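Me: Please present the structure, and then let us discuss the salt bridges and nonpolar cores in it.

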Amino acid sequence: MELKDSNAVSIDMLLIVHSEKRHAAQGAHSDRQADPGAPPQRRGGLQGVGNGIRRRQKLERNDLHGTQLTVEVHPQDAMPQLLKKFSLAKRLQGDKNGNTRPRQPGGKDAHAYPWDRSSLKSMPLDLRQFEKLDTYASQVTVKSGLDALVSDLLQEAHSDLERVRAIWIWICHHIEYDIEAAQEKDRQAFKPTTILQTQKTNCDGYAGLFERMCRIAGVQCMTVPGYSKGFGYQPGQSFSGEFDHAWNAVFLEGRWHLVDSTWGSGLVDSTTSKFTFLYNEFYFLTHPALFIEDHFPDNKNWQLLKPPQSLRQFENNMYHKSEFYNKGMLSAHPQTSIIKTVNGKVTVTIESCAPTLFMFMLNGKQEHGLLSLRKNGMKLDVYPPTVGTHKLQIFAKGNSEIYSSVLEYTLKCHYADIDVRLPAELHQPVGPSWFSEQMGITKPSHPEPVIYTSDGRCSVSFSVEEGISVLASLHGDDGPVTEETQRRYIFQLQREKRTELKVQLPHAGKFALKIFVKKRQEPGNYVFVFNYLLCCTNSKVNWPVFPESFGNWGQDNELLEPLSGVLPANHNVPFKLKLHGVAKALVKGQDMWPLTLNHEGYWEGSCNTAGCQEVYVMVLENANHNFYSYILKYKVNAQ
């Protein structure tokens, strides 16, 4: 029957007669106590109903036979809860009076803290089992109301887990975060009917919609308010006052699990404050020991942890972003978000479950750090250039082609070591690694990233896979190393299957020796692989450039002398080279000076530099031709 209340609002009344007798008034009273772990009740009558919070009024009377009468008051267009009890809602846990109130989390819901590295999820999952369901749910459209939408979503769902998954996927792919409504705290934007119309809401709306849809689907679900390390979070900040976020707990297979459909749907760009759909699997049934890193609930029981964490621990604990775990990271040190330098230096290490590419930025620039790759992680030494506070961001590539931010530290520098000035062109990574092996460079003579030289010279060698070409360049922040000469301080030799790089530094200081590779048979440019940091403190160092080589200088050729690219004037200069596949060789200065082939396979001879500005080494590749090719060029000092 239909009645009207004092406010002329249309309501239905459903009367269910229970044959159970009330044996103890005290027991009945205890069932009516407020649930201390439940989310706060939202204010307002019908507004509260619209926000997914249904009020139940229970009138109890005893007739001559001790019968209990329950009356449920609800909006006209909503299905009565007690009617649902006999359909989808029959899966909800009921108390001894038949009420469908969700069970509060207990000891068997708790997971051990810290994380045991077993899984990112709170229950065993094979995401491949959801492929068909995910595709279906993401394509379902709203035809009428919420009940019809849930009914459509459940067409391909055959378990509570699949029902929750279908709801999660639909929300994450269709509901956009409404930044304006969140800032204005527009309560209308939280109503499920409004959300379906605009397909926009804020975190309260996401959580309320998810709870409402789960309840329609007959799955226990709660909205959990709390603090979060989300948009605008700064490492080390404290939390107080109103809660800034809301998410959900869902009851599956006898335990509570955590989800955050707001963060599963996408992200807000910090520069433009615009929302972008970017599905994030991490926040579906997240392991509680990982969920606590950026979600702190109002009730510690909803941490689902043993032992639970305090708010102070939440504030001080290191925040690993979801991509940290999505890309296979396991741990990072230090484990605090604010780090103080020691002698002007900070060291960060990351452990990963597989080889991963990393990069970093200090105050928005890829400078002032040495990042070396390891088979299962990386090591980063950072040298802040000035005293003060610095922002350190670490990015990982994983299986995708995009580097994603995984960690963020705040560095407190009380002493800046000006002697540790690194070249601006020192790129990442530094030193050979699994990546350089993957690119065809193996068995390096110097496995460490830093090479120290006392006389300003060094020789670096490594094996190179068949069909791979190697290119190297030297870079410093000042002095004679320019774009034109950055390859002239390196002379490349090929010995059997090993490439040797002879390096001469123009002066004392720090230099980046960059290594590039390219497959000879493939078009395109050389690709950067890694670099060494070369260090020399000898102020007397003043090496000239090597001779300039041309395209006909073969990789298997070898130059013994002269190695200096600048020859003295008015001198007889000896030449000794190993050249492959040539018929004749000569040195051209003011005159022609032929080279002869000795029994060891070296071409030898000398040249007088009188009256010369430049000297060339030339070869005749075919004895039947008269055309000589230039392979090396020297300059002669002015008199």
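**Salt bridges and cores**

Reply: The side chains of R165 and D134 form a salt bridge with an N to O distance of 2.8 Å; the term requires a side-chain nitrogen of Lys or Arg within 4 Å of a carboxyl oxygen of Asp or Glu. This is a predicted model: local features need pLDDT of at least 70, side-chain atom pairs count only at pLDDT 80 or more, and totals for chains, interfaces and linings use all residues. Residues are numbered from 1 along each chain as its sequence is written, and side-chain values use heavy atoms, leaving out hydrogens and water.

Me: Which residues are linked with R165 in a network of salt bridges?

Reply: R165 also meets E281 in a salt bridge at 3.0 Å, N to O. Both E281 and R165 are buried, that is, under 20% relative accessible area, where exposed is over 50% and partly exposed in between (1.4 Å probe, protein chains only). The network joins R165 with K121, D134 and E281.

Me: K514 forms a salt bridge with E425; is E425 buried or partly exposed?

Reply: The closest N and O atoms of this pair are 3.3 Å apart. K514 is buried, with a relative accessible area of 5%. For E425 the relative accessible area is 34%, and this residue is therefore partly exposed.

Me: How many residues has the largest nonpolar core?

Reply: Such a core is a set of buried Ala, Val, Leu, Ile, Met, Phe, Trp, Tyr and Cys residues joined through side-chain atoms within 4.5 Å. Among the residues with the most contacts inside the largest one are M213, I394 and L534. Its number of residues is 119.
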